[in-house]
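Please work through the following exercises with the structure in view. Each task is followed by a solution in steps.

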Amino acid sequence: CAAERRGGEAEDATTPLHADTPADVAARELLLRHFRAMRREELRVLTNGSTAAVHAVRVACRRGRATLRHFAGCQPPEQEDLLRKTFVATARACADLRELDVLLDDLKVDREALPDVLLDDARAIRRHLAHARARLMRDARAALARPGRQARVERAEQILTTRRAGPCET
């Protein structure tokens, strides 16, 4: 297997998509890619809390939801619902944190244009927002670690990795 030759696990190999790939197989493959990206970035959020990881986890969730929308009917309805809820809950867990990260980036640019007389005020605002970010990071980590969410994530992973989708009805 190509994944084994590259040193990766066989189950992590992605299936190449071609023009004649059935829609249900394409949907499953794309959902699996986005799900794995979500999980990888979620781990980065949990371990180092980087702004890039927070952004990337939300992007993976958005792509997963878009895949579900564009391939509607290619998965059994209860599986689509579970996958959608998993992507939504994960993105929502990091939403406030991402909004604050964007604000902090904007303030960083604005700070460089401030006159010296306002720099102390800018530093105080930045310190306040850094404390707010730490609180939001704790909230995001707690939301990502909730037992109900973890059970949903495990079930979604099981669906995507062990069960083939049924025929596409679209």
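**Exercise 1: The nonpolar core**

Identify the residues that touch the most other members of the largest nonpolar core.

Solution. The largest nonpolar core has 32 residues, of which Phe35, Met38, Val45 and Phe87 touch the most other members. Such a core is a set of buried Ala, Val, Leu, Ile, Met, Phe, Trp, Tyr and Cys residues joined through side-chain atoms within 4.5 Å. Next, the elements that give two or more residues to this core are α2 (23–47), α3 (51–70), α4 (77–112), α5 (119–145) and α6 (147–162); helices are DSSP runs (H or I, at least four residues), numbered from the N terminus. Among these, α4 gives the most, with nine residues.

The model is predicted: local features need pLDDT of at least 70, side-chain atom pairs count only at pLDDT 80 or more, and totals for chains, interfaces and linings use all residues. Residues are numbered from 1 along each chain as its sequence is written, and side-chain values use heavy atoms, with hydrogens and water left out.

**Exercise 2: Threonine 90**

Determine whether threonine 90 is buried or exposed, and state its contacts.

Solution. Threonine 90 is found in helix α4. Its relative accessibility is 0%, so threonine 90 counts as buried (under 20% relative accessible area, with exposed over 50% and partly exposed in between; 1.4 Å probe, protein chains only). Not counting residues up to four places away in sequence, threonine 90 touches Met38, Glu42, Val57, Cys61, Leu144 and Arg149, where contact means heavy atoms within 4.5 Å.
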